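Here are my notes on the model you sent over. Have it open in your viewer as you read, and go through the points in order.

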Amino acid sequence: MAEEVPGRAELLDALSVIEDALSSGLALSRPCPATLDALDAADAEARAAPAIAASASSGPAGFAPRLKELEVRALSCTACRLASTRLHVVFGEGVAQPLVLVVGEGPGAEEDNQGLPFVGASGKLLDKMLAAIGLSRRENCYIANIVKCRPPGNREPQPDERAACMPYLREQIRLLAPKAILCAGRTAAQTLLDTTEGINRLRLKPHELEGIPLVATFHPSALLRDETLKRPAWEDLKVLRTLFAGAGGVS
Ligand code: SF4
């Protein structure tokens, strides 16, 4: 079993605050101010907790130019119909050789506006969930999506759109060389694992992609809609933590 890092009790407390906050308000379509205050407090605690360092912050030789080249290609991509309605291509964000690559379904409205992944309410929750196990997109994670352009109306990306975009994600995985992959939601898990099994079954099994261990869990937006998913999602995060424990020191 992995050693408990300093501040673990505080992190678990922070998660409890998040859970309580979700129970009290974020299941609503618009979060109430009290809920936001509670989440901000949990966020501050999580930020104060030590992050686990990635194995290398600069990545393998030649990594940065090749990833940049891939991003430049994606920014002008018109390989599927989503190009005609996007505001921005959301390529991804994070560090090289991350402990964990988080893969979501696709950009939502806020992500499309900003050109960054997971920046809306679900993104804030994702950051808090990652922080609770010592992860951060600024220090040891990378976050990307199955499709890089927003499906109109936040609909699910169609199979041909996913197929058109997957070469970008496959190349990202090859270049980033994460220690583990976290699939956030059914679409991401089904696409990466090439299966039609539901998320409730996928999340209970160990998986591998190109030799990289993979954990499937619920999308943060599902947690915002259904508070009963919070505890199983936390169990998934604990499984994820065992996959990268020992891969880096505590910074
Ligand atoms: S979703 Fe992917 S394949 Fe489709 S236009 Fe955007 S970058 Fe290209």
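**Notes on the model**

1. Three bridges join S5 to S6, and the two run antiparallel. Glu208 has Pro213 in S6 as its bridge partner. On terms, strands (E, at least two residues) and helices (H or I, at least four) are DSSP runs, numbered from the N terminus, and two strands pair if DSSP finds at least two bridges between them.

2. Before going further, a word on what this is. It's a predicted model, where local features need pLDDT of at least 70 and side-chain atom pairs count only at pLDDT 80 or more, while totals for chains, interfaces and linings use all residues. Residues are numbered from 1 along each chain as its sequence is written.

3. How confident is the predictor? The mean pLDDT (confidence in each residue, from 0 to 100) of the protein is 81, with 73% of residues at 70 or more. Residues 1-7 have pLDDT below 50, and this stretch has ten contacts in the model beyond near neighbours in sequence; a contact means C-beta atoms, placed from the backbone, within 7 Å. Residues 9-14 also stay under 50, with nine contacts beyond four places in sequence.

4. Back to the sheet. It is open, has six strands in the order S1-S3-S2-S4-S6-S5, and its pairing is mixed. Strand S1 (93-94) and strand S5 (207-209) are the edges, each pairing on one side only. S1 pairs with S3 (residues 141-145) in the antiparallel sense over two bridges, and Glu93 has Ile143 in S3 as its bridge partner. S4 and S6, by contrast, run parallel and are joined by four bridges; Ala184 stands opposite Thr217 in S6.

5. Which helix lies across S2, S4, S5 and S6? That's H7 (residues 186-193), running at about 130 degrees to S4. Axes here are lines fitted to C-alpha atoms, for helices over the stretch in contact, and angles run from 0 to 180 degrees between N-to-C directions.

6. H3 (residues 63-75) packs with H6 at an angle of about 170 degrees, their axes 10 Å apart. H3 and H6 are therefore roughly antiparallel (angle over 145 degrees). H3 brings Phe63, Arg66, Leu67, Leu70 and Ala74 to the contact, and H6 brings Tyr168, Glu171, Gln172 and Leu175.

7. Finally, the ligand. It has 14 residues around it, the closest being Cys77, Cys80, Ala83, Cys149 and Cys165; the cut-off is a C-beta atom, placed from the backbone, within 6 Å. H6 (residues 159-176) gives the most to this shell, with three residues.

Note on methods
pLDDT is the predictor's confidence in each residue, from 0 to 100. Two residues are in contact if their C-beta atoms, placed from the backbone, lie within 7 Å. Angles under 35 degrees count as roughly parallel, over 145 as roughly antiparallel, 65 to 115 as roughly perpendicular and the rest as oblique.
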